[in-house]
Amino acid sequence: MYQTAGVSLEEALIEESIMHYDVSRRDFLKLCGGTAAMLGLSQAWIPQIASALEQAAKRPPVIWLSFQSCSGCFESLAKADYPDVATIVLDIISLNYQEVIMAAAGTQSEKNLDDTVAAGGYITIVEGAIATGIPEAMMVGGKTSEEIVGEVTANGAATIAVGTCAAYGGVQAMNPNPTGAKGVSDVISTPVINIPGCPSNPDTMVSTITYYLLYKEAPKLDSKGRPKFAFSQKVHDNCDRRAHFDSGEYVEEFGGEEEAKNYCLYKMGCKGPETHSPCPLTLWNSKQNWCIGSGNGCIGCMEPDFWDEFAGFYDTLPNVPVPGFIGVKTSTDYIGSTLVTATMTGIGIHAIATAAKGRFKENDDISEGSDD
Ligand code: SF4
Ligand code: SF4
């Protein structure tokens, strides 16, 4: 470790950053530590993250475009863990255009946008779907959403689509999709980083931006354009009710004794087994809780077309991956009864897997929704 005047270089970098942003050391270290954890980096990276955030204070500017959406994703970012942290993030990324909070209005706001685009080197963050079927359904300053996103992203350094609407069309694209809503990557030819969610998670947004500032490039993405560091695992993989799933302990009805025991919500429609998301790790609302923690199953809001694919939200998924049965997908009812039978008759685990494969081989090609 480097030393200077009795203080390590790492400590000096952190202290300098804290002074720069006028925030508490505790909050700043939480931001840097949380970002390191999300990116899969050791805590030894905290000084570099602090340094990258400070250096980024003068660049790059950010343009936040809002289209067909509820503005929930910006609300989500603005209400990140600590107000001070949100302030840091907004300061760091030099938010030059954001329709919900910017003080400028009318021609002045459009000038801010035009000047930033002309200067180049900015990050474009898009919230909301692009209306392609009825372009007039989403216009700002006399331009359609498709025109604006095309013009703005063309001269930018990176494009991030936050929320399922900007990533894949979201609720606007739900069948019959009256406005022809599409995700950003469907209407522009340059690369897009998707951070889906309804809303998108503030930790994932901050970590993705920080990754870009650290490495000057996009993180590795999965087949649906999502950062692998955050979306490579399913809700089901890290759920704190997973032990109950593995033990065949399910909530059978809301209000029942199984619910009071926090049993698995699979039979109550939980889509966690098919949803790629870090929610069990990041949590929500200042890390107080999350959907399953509050007693409701995951509705799969970070997967494309979840409004159609996962409706109804309380219907049991017909098939789920079962631990120990590599390549096999089957129902919990079948596995439960098979395990009981196997225990009674002394059939080995390999025989169970073979039996399950034989019965459910027609389901083997069910998509898991990612390339993990
Ligand atoms: S089915 Fe849902 S509640 Fe049950 S373990 Fe999986 S993610 Fe958790
Ligand atoms: S737990 Fe599921 S429904 Fe809830 S925010 Fe995460 S991905 Fe969306």
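**Salt bridges and a ligand shell in a predicted model**

Aspartate 246 and arginine 242 both sit in helix α12 (residues 242-246), 4 residues apart, about one turn of the helix. Helices here are DSSP runs of H or I, at least four residues, numbered from the N terminus. This is a predicted model, where local features need pLDDT of at least 70 and side-chain atom pairs count only at pLDDT 80 or more. Residues are numbered from 1 along each chain as its sequence is written, and side-chain values use heavy atoms, without hydrogens and water.

User: Is arginine 242 buried or exposed?

Analyst: Buried means under 20% relative accessible area, exposed over 50%, partly exposed in between (1.4 Å probe, protein chains only). Arginine 242 has a relative accessible area of 17%, so the residue is buried.

User: Which residues do salt bridges with shared partners join into one network?

Analyst: One link pairs arginine 226 with aspartate 222 at 2.9 Å, N to O. The network consists of Asp222, Lys224, Arg226 and Glu303.

User: How many charged residues are in the shell around ligand 2?

Analyst: Asp, Glu, Lys and Arg count as charged. The surrounding residues include Trp284, Trp290 and Met302. The shell has 8 nonpolar and 3 polar residues; the number charged is none.

How values were computed: Chains lettered and ligands numbered in written order. Near = heavy atom within 4 Å. Salt bridge = Lys/Arg side-chain N within 4 Å of Asp/Glu carboxyl O. Helix = DSSP H or I, 4+ residues; strand = E, 2+ residues; numbered from the N terminus.
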